Structure formats: C-alpha cells, structure tokens
Amino acid sequence: MAGTRPALPDATNGNFLLEALHAANAHRARHHAPPLAMDPLLVDYARSRAASRSEYDDLRAGHGGLRAGTGENLFWAAGPDMSTAAQAVTSWYGEIAAYDWHRPRACHFSQLVWKDSTRMGAGRVAGQGSEHFETYIVFVFERPGNVSGEHRGNVLPA
C-alpha cells in the first residue's frame, strides 16, 4: 500500500553503514551482547523500509508490513541537515533511562542490545518533506528482538 506522498531519495552510503555498525556495536558491547554483522540483503531491505516509511508524514507508517522474523528500529528527524546513524542510535539507546529492568518491555533500546540478534541492515532516506527537510533511518535486525518472555536473557545490564 503506497503512502500519501513520494518516497524521499535514498541517502544510504558506505560511511553511513560503517557508522551504523560501529554505533550499534559500541552499545551492544556495554550490555554483553556480541557484535552485529552488516548483512547486504538486510541493508537492501532496510533501504526499502526507509523509503516506504517516508511515504507518510513523520512516523505515521509505523512498523506496518514488516516481514516476519525481522526486528526494526525507526528514526525520524526534521531539521536543516541530514541526520546520522549515530544520532539515531543515541536516540534509541537513550530509552535506557526509562527501561524497567524488573518489568522489561519492548522498546528501541532493548532491540538495539538484544543479545540473540546477530545480523543487521541499515537504510536512510532524506530530502524535502511536506514542511521540513526530513531524514528517515531504519535498522533491521535478525534474529528479531523484543520477543515476549525473553527480555531477561537478552537485555543485560551494563
């Protein structure tokens, strides 16, 4: 199902992917999770997801249409410059401040550091949206995180 506007142009490049992998793995290491490997097929999927998310204002598209067996973190920003992978990862990791270790729940932070996730892909689109210059960043993960009942063994304290 198409959105309400054309997709923004792809802005994924090698530097973005290296930054994405480095930023994600730096936080994972703090939480005793093994490093992720960048998977070219997942990069292609993340790029298509970023484009399809950008067909809607803000993050109104949500996670609709995400394929089974894949986890996803979404980031959207409006501003004068294109957002970076590090900015997205910092935003997601910031959710640790509200994470309840006694009653774990699904969030961007928990997906980012999910121990059983081993591969990732990342994609970014950016351009003039309806009102602002916008950036959409998507990270996809396999094995997906945020599996009900598995948080305690997969989201470890720093």
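Start with the largest nonpolar core, which has 26 residues. A nonpolar core here is a set of buried Ala, Val, Leu, Ile, Met, Phe, Trp, Tyr and Cys residues joined through side-chain atoms within 4.5 Å. Buried means under 20% relative accessible area, exposed over 50%, and partly exposed in between, with a 1.4 Å probe and protein chains only. Select Met 120 and Phe 139, the residues with the most contacts inside this core. Then colour α1 (14-30), β2 (71-78), α3 (85-93), α4 (108-112), β3 (119-128) and β4 (133-142), the elements that give two or more residues to the core. Helices (H or I, at least four residues) and strands (E, at least two) are DSSP runs, numbered from the N terminus. In soluble globular proteins, nonpolar side chains tend to be buried together.

The model is predicted: local features need pLDDT of at least 70, side-chain atom pairs count only at pLDDT 80 or more, and totals for chains, interfaces and linings use all residues. Residues are numbered from 1 along each chain as its sequence is written, and side-chain values use heavy atoms, with hydrogens and water left out.

Stay on Met 120 and show its contacts, meaning heavy atoms within 4.5 Å. Setting aside residues up to four places away in sequence, Met 120 touches Ala 20, Leu 21, Ala 24, Leu 36, Ala 37, Met 38, Asp 39, Leu 42, Phe 139, Val 140 and Phe 141.

Next, select α2 (40-53). This helix has 14 residues and reaches 20 Å from its first C-alpha to its last, close to the 20 Å expected at 1.5 Å a residue; the expected span is 1.5 Å times one less than the number of residues. Which residues of α2 are buried? They are Leu 42, Val 43, Tyr 45, Ala 46, Arg 49, Ala 50, Ser 52 and Arg 53. Their cover includes α1, β1 (37-38), β2, β3 and β4.

Follow the chain into the loop between α2 and β2, where Asp 58 lies. Asp 58 is not a glycine, yet its phi is positive, about 50 degrees. With 28% relative accessibility, Asp 58 counts as partly exposed. Ala 61 is in the loop between α2 and β2 as well, but Ala 61 is buried, with a relative accessible area of 17%. Beyond its neighbours within four places in sequence, Ala 61 is in contact with Arg 53 and Tyr 56. For a distance check, pick the C-alpha atoms of Ala 61 and Ala 85: they are 24 residues apart along the chain and separated by 20 Å.

Move to Ser 117, in the loop between α4 and β3. Is Ser 117 buried or exposed? Ser 117 counts as buried because its relative accessibility is 0%. Its contacts, leaving aside neighbours within four places in sequence, are Arg 28, Leu 36, Gln 111, Phe 141, Glu 142, Arg 143, Pro 144 and Gly 145.

Two of those contacts, Glu 142 and Arg 143, are joined by a cis peptide bond with omega about -25 degrees. Arg 143 sits in the loop between β4 and α5 (151-154). Asn 146 is also placed in the loop between β4 and α5; its phi is positive, near 60 degrees, in a residue other than glycine. Asn 146 counts as partly exposed, at 24% relative accessibility.
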